[in-house]
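Here is a briefing on side-chain contacts and sheet pairing. Please read it alongside the model.

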Amino acid sequence: MGGWNWRKKNDDIILDCYTYNPYVYNFAKINYGYHFLPEWWKRTPKNQGGDHETIKNCPAIVEYYKKSIVIPMWCEFEMVIEPKGNDKLFSWRSAQKDFQVEQHPQDQFKEFAKQDGHDVKILSPWFIKCKENVDFTFTQPVWSQRDSIFNLMLMPGVVNFKYQMQSNFNFFFQQTDARQVIHIEPLTPIAILHPMSERKIKLRHHLLTSKDENETT
């Protein structure tokens, strides 16, 4: 039966992950979610006195990481959100010189942002390519971000890496009457992606130089 291309259910979905940053490539690769199970979860006993089970017995958390891939923060990052009424909205600093932060104007989503809500975009060092038309959820790994989830919220969405390669992080934050300091350690999961497919993901990593640009097309 010529012309038919039967794909086996167990064929892997291949994601090619490209970066120009040697540090990111060597120390902060995109990886499978099971490598990022939270330390607090690992330390939690299965039982807390008698027959009282803990969250350690919840399979949903394990599956949440096991069936995902994670983009980790590649360096130390600190952001300070100034109180309402301050002339300066926020400031930030990073351990890497090429770290980039941008903003979308509030007018682009003003009915959601309301008066004190704002957007901040952290540019990802990773470009991701998939030759197949596979959608991925792109959400905040809240189990790994207990200290920042209420100050800096990753806006969720569905992404497809066949048609575009960006993996930037759009965050929402709200000014309050108090100064907010957000500190994110290296290798903290910054985004978690779940394929909208039962097939497994195979990750391939590539360190680019300027002469390698055509390899991502």
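Is Arg 179 buried or exposed? Arg 179 is exposed, with a relative accessible area of 52%. Buried means under 20% relative accessible area, exposed over 50%, and partly exposed in between (1.4 Å probe, protein chains only).

This is a predicted model: local features need pLDDT of at least 70, side-chain atom pairs count only at pLDDT 80 or more, and totals for chains, interfaces and linings use all residues. Residues are numbered from 1 along each chain as its sequence is written, and side-chain values use heavy atoms, with hydrogens and water left out.

**Salt bridges**

- The structure holds 8 salt bridges. The criterion is a side-chain nitrogen of Lys or Arg within 4 Å of a carboxyl oxygen of Asp or Glu.
- Arg 179 meets Glu 82 in one of them, at 3.7 Å from N to O. The pair links distant parts of the chain, 97 residues apart. Glu 82 is in the loop between strand 4 (77-81) and strand 5 (90-94). Arg 179 is in the loop between strand 12 (169-174) and strand 13 (180-184). Helices (H or I, at least four residues) and strands (E, at least two) are DSSP runs, numbered from the N terminus.
- Glu 82 is buried, at 12% relative accessible area.
- Lys 84 and Asp 177 form a salt bridge at 3.8 Å, N to O. Lys 84 lies in the loop between strand 4 and strand 5 and Asp 177 in the loop between strand 12 and strand 13, so this pair ties together parts that are 93 residues apart in sequence.
- Lys 84 is partly exposed at 38% relative accessible area. Asp 177 counts as exposed at 68%.
- Lys 84 and Asp 177 also belong to a network of salt bridges with Asp 116.
- Glu 132 and Arg 199 meet at 2.9 Å, N to O. Their loops are distant parts of the chain, and the two residues are 67 residues apart. Glu 132 sits between strand 8 (127-129) and strand 9, Arg 199 between strand 14 (189-195) and strand 15 (201-207).
- Glu 132 is buried at 19% relative accessible area. Arg 199 counts as buried at 15%.

**Aromatic pairs**

- A pair of aromatic rings is described by the distance of the centres and the angle of the planes.
- A search of the whole structure finds 15 aromatic pairs. Rings of Phe, Tyr and Trp (its six-membered ring) pair if their centres lie within 6.5 Å; planes under 30 degrees apart count as stacked, over 60 as edge-to-face and the rest as tilted.
- The rings of Phe 77 and Trp 92 have centres 6.3 Å apart and planes at 35°, so the pair is tilted. Phe 77 is in strand 4 and Trp 92 in strand 5, 15 residues apart.
- Phe 77 is buried, with 1% relative accessible area. Trp 92 is partly exposed at 34%.
- Phe 112 and Phe 172 form an edge-to-face pair, 5.0 Å centre to centre, with 65° between the planes. Phe 112 is in helix 4 (residues 110-113) and Phe 172 in strand 12, 60 residues apart.
- Phe 112 counts as partly exposed at 47% relative accessibility. Phe 172 counts as buried at 12%.
- Trp 74, Phe 77, Trp 92, Phe 99, Phe 138 and Phe 169 form one aromatic cluster.

**Charges over rings**

- The charged end of Lys 29 sits over the ring of Tyr 25, 4.1 Å from its centre. The criterion is NZ of Lys or CZ of Arg within 6 Å of the ring centre and within 35 degrees of the ring normal.
- Lys 56 lies over the face of Trp 41, 4.9 Å from the ring centre.

- An open, antiparallel sheet is formed by 4 strands in the order 6-7-12-10. Two strands pair if DSSP finds at least two bridges between them.
- Strand 6 (101-102) and strand 10 stand at the edges with a single partner strand each, so one side of each is left without a neighbour in the sheet.
- Strand 7 (residues 117-122) pairs with strand 12 over 6 bridges, in the antiparallel sense. Val 120 has Phe 171 of strand 12 as its bridge partner.
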